[in-house]
Amino acid sequence: MTSSSKRKEESHLLNGGVKQSTWTKAFSSNAIWEEKDEFLDVIYWLRQIIAVILGVIWGVAPLKGFLGIAIFCIINAGVLYVYFSSFQQIDEEEYGGTWELTKEGFMTSFALFLVVWIIFYTALHFD
């Protein structure tokens with residue numbers, strides 16, 4: 001029996017046979033992900049939340065240009081990397097490697113970040 005299947009069985013018994021919600025697992029350290037797509041959905045939506053928060057902050061603090069974009073990329077990739085490698089401690093190879101998890105939903109979050117940043121910047125800092 002592999003360690004992954006042992007962890008799933010132990011988790012199921014600890015929960016009294018009740019399945020945890022996706023968001024409960026998302027904010028629980030070392031959660032057991034029965035479905036691969038479920039974890040990828042969590043990565044995707046966490047990335048979108050980060051994009052909105054950073055877009056608002058960048059728009060309120062009059063950040064401009066390449067520096068704002070570069071800092072967003074570093075924070076977005078860094079936070080998610082720490083999340084899946086340290087907090088969840090998943091085996092990256094099960095999901096196609098570190099690069100696949102790092103880029104999951106990145107372009108969508110980048111577009112959302114730009115839209116929110118532009119809207120807030122334009123609304124608050126018009127000349």
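Q: How are helix 3 and helix 6 oriented to each other?
A: This is a predicted model, where local features need pLDDT of at least 70, side-chain atom pairs count only at pLDDT 80 or more, and totals for chains, interfaces and linings use all residues. Residues are numbered from 1 along each chain as its sequence is written, and side-chain values use heavy atoms, without hydrogens and water. The axes of helix 3 (residues 36-60) and helix 6 cross at roughly 25° and come within 7 Å. Angles under 35 degrees count as roughly parallel, so helix 3 and helix 6 are roughly parallel.

Q: How many residues in the contact of helix 3 with helix 6 are charged?
A: Contact means heavy atoms within 4.5 Å. Helix 3 brings residues including Arg 47, Ala 51 and Trp 58, and helix 6 brings Leu 112, Phe 113 and Tyr 121 among them. Alongside 15 nonpolar and five polar residues, the charged count is one.

Q: Which term describes helix 4 relative to helix 6?
A: Helix 4 (residues 65-87) and helix 6 (residues 106-124) have axes 11 Å apart, at an angle of about 135°. Angles over 145 count as roughly antiparallel and 65 to 115 as roughly perpendicular, with the rest oblique. Helix 4 is therefore, relative to helix 6, oblique.

Q: How many nonpolar residues does the contact of helix 4 with helix 6 have?
A: In helix 4, Gly 65, Ile 69 and Phe 72 are among the residues that meet helix 6, whose side includes Phe 110 and Trp 117. The contact has four polar and no charged residues, and its nonpolar residues number eight.

Definitions and conventions: Axes are lines fitted to C-alpha atoms, for helices over the stretch in contact, and angles run from 0 to 180 degrees between N-to-C directions. Helices (H or I, at least four residues) and strands (E, at least two) are DSSP runs, numbered from the N terminus. Ala, Val, Leu, Ile, Met, Phe, Trp, Tyr, Cys and Pro count as nonpolar, Asp, Glu, Lys and Arg as charged, and the others, Gly among them, as polar.
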